[in-house]
Amino acid sequence: MNVLERIISFIKKIFNKKEEIKMIEAPKRVVNIKEKEDFLTSIKVFRPIQIKNNEIETLVCIGDGLGIQKNMKY
Amino acid sequence: MDSQKIEALSKATQEDRMAMLRGLNVEELSEFLIHHREFCKEYHIHPFEITKALDGEKQKEFISRLEQCNLTLNEKREILASLRPEVKQGIDVTNLPREYATAIQIPTKYGGQVAFEIDRDFEEYRGLDNLITVSPEEFTPEQRKRFMEFCDICPNAEVMSSLKNVAYSSTSSEYKEAEEWISSVIDNIPSEYSQAQKIAIIDNAIGKKISHTPTDGTEAFEPQNSKALWKIISKGYGVCNGVARVEQYMLKRIGVESEMVSGHGHHGFLKLIDVELPLANGETVKGNTILDPTWNLARQRFGGMPDNFCMTYEQARKNDLTSLGLDSQAHKNDEKLQDATIGLDEQSLRNLYTSVGLADKEGMFPLKNLVEKSNAINESYPNNPEENLRHQFLALSQTCPEFATCQNSTISALKIILDFDELKANRCVVNRVFDKKDKDKNAVVYVYLDSKVSGKSFFFADKNKGQFVQLPQEEFINRFECYEKDLENWGGIRPWEDKPKEKDSLPTKEEQKGEEK
């Protein structure tokens with residue numbers, strides 16, 4: 001690189017100097033986590049999952065040695 | 001023996017208790033046996049279990065005092081029979097009573113167990129039940145016949161059967177009862193019947209005799225009782241591989257070889273080897289097929305179509321799929337079942353069962369009658385669910401009078417005949433509970449109906465009366481309890497207990513405070 005190019009490069013650096021990166025300031029108000037949780041709890045509505053079963057229910061036919069059997073046919 | 005030692009014995013485990021007794025000197029031991037008969041009875045202490053482990057010198061000394069101990073003749077014979085061989089050899093039997101002499105002369109194995117000999121005079125074994133263990137699975141017909149005589153003399157001897165290389169114990173009286181039943185089934189099959197017809201009869205007989213163990217999976221379940229071949233037949237209860245073992249044993253009697261197979265769902269069943277099956281198109285196919293005796297139990301008991309009888313691997317896998325499309329993988333075992341390529345299609349199955357008189361001329365199975373009766377009841381009592389239930393139970397008991405003792409088969413049948421809509425049900429549960437007063441927690445079938453018309457009704461299958469009995473809610477709840485496993489599956493709530501009510505609005509401040517607490 002010749003002397004002229006070096007001078008041009010030096011001048012470019014002076015004029016294209018980037019701004020320093022500025023970090024976003026942390027909020028000055030401290031968030032009260034407990035307050036937030038309490039608020040979330042207060043708006044919750046207790047709704048248990050209710051599955052409407054329209055069949056005769058049994059337990060012992062499922063999963064054990066009897067397996068998951070299909071209904072009897074004739 | 002002072003009270004402190006007795007107290008220590010009572011607090012010890014059975015193993016430690018026996019070790020402590022073996023550690024006594026002979027005089028103390030004799031005194032203990034004379035003065036503490038009740039204690040021995042209470043803690044199931046057999047005197048021979050103490051003496052058989054004594055060293056030779058102690059045994060000799062004890063024998064010299066034998067007559068002074070307050071023991072029964074059988075207890076004395078047990079002690080004499082289980083002495084160490086070197087001690088036995090040193091006893092002159094010429095002047096001893098015959099009962100003593102024969103006990104001493106009986107050959108024993110390690111641990112003082114009697115080395116059973118099928119050709120011996122069984123009278124010599126009388127009273128030695130606790131010392132005898134026999135494995136008669138491979139007995140010839142002649143040996144079996146002779147062994148039945150032994151069972152009358154020693155009804156409480158231990159009879160072992162194997163399942164997956166584990167030995168399970170029945171008593172000799174259970175063996176006899178079971179073998180008599182097996183003979184009654186096999187001997188009554190017409191000799192001209194084909195192999196497939198014979199298998200059909202045996203599978204049906206097993207379903208009529210055995211029910212799936214109703215306490216399986218609960219805290220009251222004892223695998224020993226559900227996997228021992230002859231006990232299963234005698235008691236009428238077994239789990240999957242136990243039932244399959246029974247069928248395997250019976251099929252071997254008619255010359256059908258089979259293999260026990262486990263599916264990925266830990267379910268046990270059979271692969272029949274090289275059997276001939278007649279098809280509806282007139283052809284006969286020969287090869288390996290799948291038979292699941294457990295899944296046929298309820299079907300055979302209530303006269304349903306046994307559609308787990310002689311299936312190809314493909315058919316068996318189709319049966320694994322639920323109506324929701326879930327795959328239980330109960331019969332999944334590609335390695336062992338890829339050669340199970342023959343099976344009966346529905347028409348062939350119907351034809352086969354018609355040919356042995358277990359289905360009608362049209363190939364319909366007897367369950368049809370029960371279902372039709374059930375439908376007629378629904379029509380007769382459209383607005384009276386309780387009366388409907390009572391008549392359904394009556395129809396069920398007419399089809400199967402022993403319904404209260406084959407709980408799981410009964411539950412399967414009730415699932416077919418009870419109609420949710422006809423009962424105007426909000427909820428209808430058919431399951432098992434146990435009587436709170438029953439320390440063995442035996443299973444009792446119950447039906448709980450929450451009907452829009454009649455409210456909550458409770459019925460239980462009374463084994464003594466042989467009928468369903470209705471109880472008021474409070475009485476039912478006071479008397480019966482759910483098994484822990486069932487409670488867990490119900491999410492900790494008994495079926496008849498109210499679930500938390502759905503809330504439509506935001507909780508009040510008071511409720512919020514309550515929840516926080």
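The conversation below goes through this structure topic by topic.

Modeller: Before anything else, this is a predicted model, in which local features need pLDDT of at least 70, side-chain atom pairs count only at pLDDT 80 or more, and totals for chains, interfaces and linings use all residues. Residues are numbered from 1 along each chain as its sequence is written, while chains are lettered from A and ligands numbered from 1 in the order in which they are written.

Colleague: How many helices and strands are there in chain B?

Modeller: Chain B has 25 helices and 13 strands, where helices (H or I, at least four residues) and strands (E, at least two) are DSSP runs numbered from the N terminus. The C-alpha atoms of chain B fill a box of roughly 85 × 75 × 45 Å along the principal axes.

Colleague: And what share of the residues in chain B is buried?

Modeller: Of the 517 residues in chain B, 40% are buried, a word that here requires 20 or more other C-beta atoms within 10 Å of the residue's own, with exposed meaning 12 or fewer, partly exposed covering what is in between, and C-beta atoms placed from the backbone.

Colleague: Which strands make up the open sheet with mixed pairing?

Modeller: That sheet has three strands, in the order β1-β2-β3 of chain B, and two strands pair if DSSP finds at least two bridges between them. Its edge strands are β1 (133–134) and β3 of chain B, each of which pairs on one side only. Strands β2(B) and β3(B) run antiparallel and are joined by six bridges, and B:Leu163 stands opposite B:Val166 in β3(B).

Colleague: What is the phi of B:Asn165?

Modeller: For B:Asn165 phi is near 65°, a positive value in a residue other than glycine. B:Asn165 lies in the loop between β2 and β3 of chain B.

Colleague: Is B:Asn165 buried or exposed?

Modeller: B:Asn165 is exposed, with 5 other C-beta atoms within 10 Å.

Colleague: Which helix lies across β2 and β3 of chain B?

Modeller: That is α11(B), running at about 85° to β3(B), where axes are lines fitted to C-alpha atoms, for helices over the stretch in contact, and angles run from 0 to 180 degrees between N-to-C directions. Helix α11 (residues 172–187) of chain B has 16 residues and reaches 22 Å from its first C-alpha to its last, close to the 22 Å expected at 1.5 Å a residue, the expected span being 1.5 Å times one less than the number of residues. Its buried residues include B:Tyr175, B:Ala178 and B:Ile182. Among the elements that cover the buried residues of α11(B) are β2 (158–163), β3 (166–171) and α15 (240–253) of chain B.

Colleague: Changing topic, what is the strand order in the open sheet with antiparallel pairing?

Modeller: The order is β6-β7-β8 in chain B, again with three strands. The edge strands are β6 and β8 (284–291) of chain B, each pairing on one side only. Neighbouring strands of this sheet are turned by 25° against each other on average, direction ignored.

Colleague: How many residues are between β6(B) and β7(B)?

Modeller: The two form a hairpin with five residues between them, and B:His266 in the turn has a positive phi of about 60°. Strand β6 (residues 258–262) and strand β7 (residues 268–278) of chain B pair in the antiparallel sense over five bridges, with B:Ser262 opposite B:Gly268 in β7(B). On the other pairing, β7(B) and β8(B) are antiparallel over seven bridges, and B:Leu272 has B:Thr289 in β8(B) as its bridge partner.

Colleague: Which residues have the most contacts inside the largest nonpolar core?

Modeller: They are B:Val444 and B:Tyr446, in a core of 110 residues; a nonpolar core is a set of buried Ala, Val, Leu, Ile, Met, Phe, Trp, Tyr and Cys residues joined through C-beta atoms within 7 Å. Apart from it lies another core, of eight residues, among them B:Leu29 and B:Phe62.

Colleague: Last one: what does chain A average in pLDDT?

Modeller: Chain A averages a pLDDT of 65, and 38% of the residues score at least 70, pLDDT being the predictor's confidence in each residue, from 0 to 100. Where pLDDT is low, the predicted coordinates should not be read in detail.

How values were computed:
Contact = placed C-beta atoms within 7 Å.
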